[in-house]
Amino acid sequence: MTSAAPPPSDLPATEAELHAFADGQLTPERAAEVQAWLAHRPDEAARVRAWETHKRELRALFDPVLDEAVPPALQRASRRPAPWFGRPALAAAAALLLVLAAGGSGWALRGAHDAPLLAAAPRANDFAARAAIAHTVYAPEVKRPVEVDAAHEEQLVTWLSRRMGAAMKAPHLQALGYALEGGRLLPGERGPVAQFMYRDEAGHRLTLYVSNEKTGGAATGLSNTDLRGGGDARPDTAFRFASEGPVNVFWWVDGPFRYAITAPADRAALTQVSAEVYRQLAAAQP
Amino acid sequence: MSMPDDLTPWVPRLRRYARALAGNRDDADDLVQDTLERAWSRAALWRNVADMRAWLFGIMHNLHVDALRRGRLAVVALDDDTPDAVAPPPQAARAAVLDLQAALERLAPEQREVLLLVALEDMAYADIAHTLGIPLGTVMSRLSRGRERLRLLLDGAPSVPGGDAVRLKVVK
């Protein structure tokens, strides 16, 4: 008790200042004033002491975690992951990586057929263009971005699988910051295609566009046996990338399926999502 | 900010905070793992990150909130405006007064976060505001409410200062 306490300068301490006092976040001058103020207010002083006590107790309770051995899974997750092209499953595909920068040609929005680049590019470009168009049509939707939402994921997957005539699966991209919003069925070139929609924290949408339509030029056409034959190494099995303004598309062929990822994300991010989707879908195959 | 190849130095602190947040080891370590994975997925943004700690803990915050929304973690959800339901301890005072961890779990999640960042990380209030993406005033009100509720739960103290009822205190 200081009899020579500074004149009760009674610049009263605010609640916030009392906390800052307990946490050592006041300037030394103000801390001294608050201390003097508290000297005359036992109730307030008791509260502050209780806060300080609880803080010490919390440290005592949880600080031992600092010394625990870090589980192997967390050790692995702490280190920079191998770049996706370094992973064996994707190395072959990466070797074939073909980058198509569409530049300002506007193919994604205008339709594919008049873009000069497309004339020379593989037909798969039509596919990427359709995926990009489907993205630009539905991604801005506020109320109805999907037909079936993620809360009914099972129904969504069952429904799409039935309509597509093949087992569908919605990859989970939570770890990459994208939450599944749901999906819808769309008309493709010759039949149904599926679109899964995801959304990141900032509200940016990412779509996965999946088709198992029979491929091949509309004019020439490929034989059905060729299309149905399992496990044939298709010449266009590769990851491909195209960009149109803020929207980028990453697409590939895997067996009878074609996939396209579209989002207003940079190529690195899209690459990572594509690698993850590829990984999950590969893991799901029997 | 430079781009480290290793987030290992952050792991013990992330685990400590996650443990206090999630209440059990498994959920906590899942949260840490998700945090690390998301951090790597956004490594391209690191050059814009001025405060790595705020960034990492902010990621953890977002993931935790997501998990709470999905109801994956078992919590007693009390929002800021829920009146304290804890009556002053009656006869069996000892049984009524909670231990620290149990009391912590009864705080509203948003109060718990602020309280823990202060207690475990000694984080400056402004950094907490940045980490959680909320205004400084909200940090202070959550801290204040969280601390008073904790005091009530632990010590049976009145949440209003100046109450003069005799309170029982548990000697640990």
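Trainee: Where do I start? How many helices and strands are in chain A?

Mentor: Chain A has 11 helices and 8 strands. Keep in mind that the model is predicted.

Trainee: And how much of chain A counts as buried?

Mentor: Of its 286 residues, 33% count as buried.

Trainee: What about contacts in chain A with a separation of 6 or more? What share comes from residues 24 or more positions apart?

Mentor: That share is 56%.

Trainee: Let's do strands. Which strand pairs with S3(A) over 8 bridges?

Mentor: That is S4(A). Strand S3 covers residues 179-187 of chain A, and the pairing is antiparallel. A hairpin of 4 residues joins S3(A) to S4(A).

Trainee: Who sits across from whom? Start with Leu185(A).

Mentor: Leu185(A) has Ala194(A) in S4(A) as its bridge partner. Further along, Gly182(A) stands opposite Met197(A) in S4(A).

Trainee: What does S3(A) pair with over 2 bridges?

Mentor: Strand S2 of chain A, residues 148-149. That pairing is antiparallel too. There, Val148(A) has Gly183(A) in S3(A) as its bridge partner.

Trainee: Back to S4(A). In what sense does S4(A) pair with S5(A)?

Mentor: Antiparallel, over 6 bridges. Strand S5 runs over residues 205-211 of chain A. Phe196(A) stands opposite Leu208(A) in S5(A).

Trainee: How many residues lie between the strands in the hairpin of S4(A) and S5(A)?

Mentor: There are 5. In that hairpin, Gly203(A) takes a positive phi near 95°.

Trainee: Why is S4(A) largely enclosed by the rest of the structure?

Mentor: Because 7 of its 8 residues, in the stretch 192-199 of chain A, are buried.

Trainee: New topic: cores. In the largest nonpolar core, which residues touch the most other members?

Mentor: That core has 45 residues. Those touching the most other members are Ala128(A), Ala131(A), Val249(A), Trp251(A), Ala260(A), Ile261(A) and Val273(A).

Trainee: Pick Val273(A). What does Val273(A) touch?

Mentor: Leave out residues up to four places away in sequence. Then Val273(A) touches Leu173(A), Leu176(A), Tyr178(A), Leu206(A) and Ile261(A).

Trainee: Chain B, then. Where is Leu14(B)?

Mentor: Leu14(B) is in helix H1 of chain B, residues 11-22.

Trainee: Is Leu14(B) buried or exposed?

Mentor: Buried, because it has 26 C-beta neighbours inside 10 Å. The cut-off for buried is 20 or more.

Trainee: What does Leu14(B) touch?

Mentor: Val32(B), Thr35(B), Leu56(B) and Met60(B), not counting residues up to four places away in sequence. As for Ala28(B), it is 14 residues from Leu14(B) in sequence and 9.1 Å away in space, C-alpha to C-alpha.

Trainee: Now helices. At what angle do the axes of H6(B) and H8(B) cross?

Mentor: Roughly 95°, and the axes come within 8 Å. H6(B) covers residues 109-121 and H8(B) covers residues 136-155. The two helices are therefore roughly perpendicular to each other.

Trainee: Which residues meet there?

Mentor: From H6(B), they include Val114(B), Leu115(B) and Val118(B). From H8(B), they include Val139(B), Leu143(B) and Gly146(B). By class, the contact has 5 nonpolar, 2 polar and 6 charged residues.

Trainee: Last one: chain A against chain B. How many residues does the contact take from each?

Mentor: The contact takes 35 residues from chain A and 39 residues from chain B. On the chain A side, the elements giving two or more residues are H1 (15-22), H3 (42-62), H4 (72-78) and H11 (267-284).

Trainee: Which gives the largest share?

Mentor: H3(A), with 12 residues. The chain A side divides into 17 nonpolar, 6 polar and 12 charged residues.

Definitions and conventions: Residues are numbered from 1 along each chain as its sequence is written. Chains are lettered from A and ligands numbered from 1 in the order in which they are written. This is a predicted model: local features need pLDDT of at least 70, side-chain atom pairs count only at pLDDT 80 or more; totals for chains, interfaces and linings use all residues. A residue is buried if 20 or more other C-beta atoms lie within 10 Å of its own, exposed if 12 or fewer, and partly exposed in between; C-beta atoms are placed from the backbone. Two strands pair if DSSP finds at least two bridges between them. Two residues are in contact if their C-beta atoms, placed from the backbone, lie within 7 Å. Ala, Val, Leu, Ile, Met, Phe, Trp, Tyr, Cys and Pro count as nonpolar, Asp, Glu, Lys and Arg as charged, and the others, Gly among them, as polar. Axes are lines fitted to C-alpha atoms, for helices over the stretch in contact, and angles run from 0 to 180 degrees between N-to-C directions. Angles under 35 degrees count as roughly parallel, over 145 as roughly antiparallel, 65 to 115 as roughly perpendicular and the rest as oblique. A nonpolar core is a set of buried Ala, Val, Leu, Ile, Met, Phe, Trp, Tyr and Cys residues joined through C-beta atoms within 7 Å.
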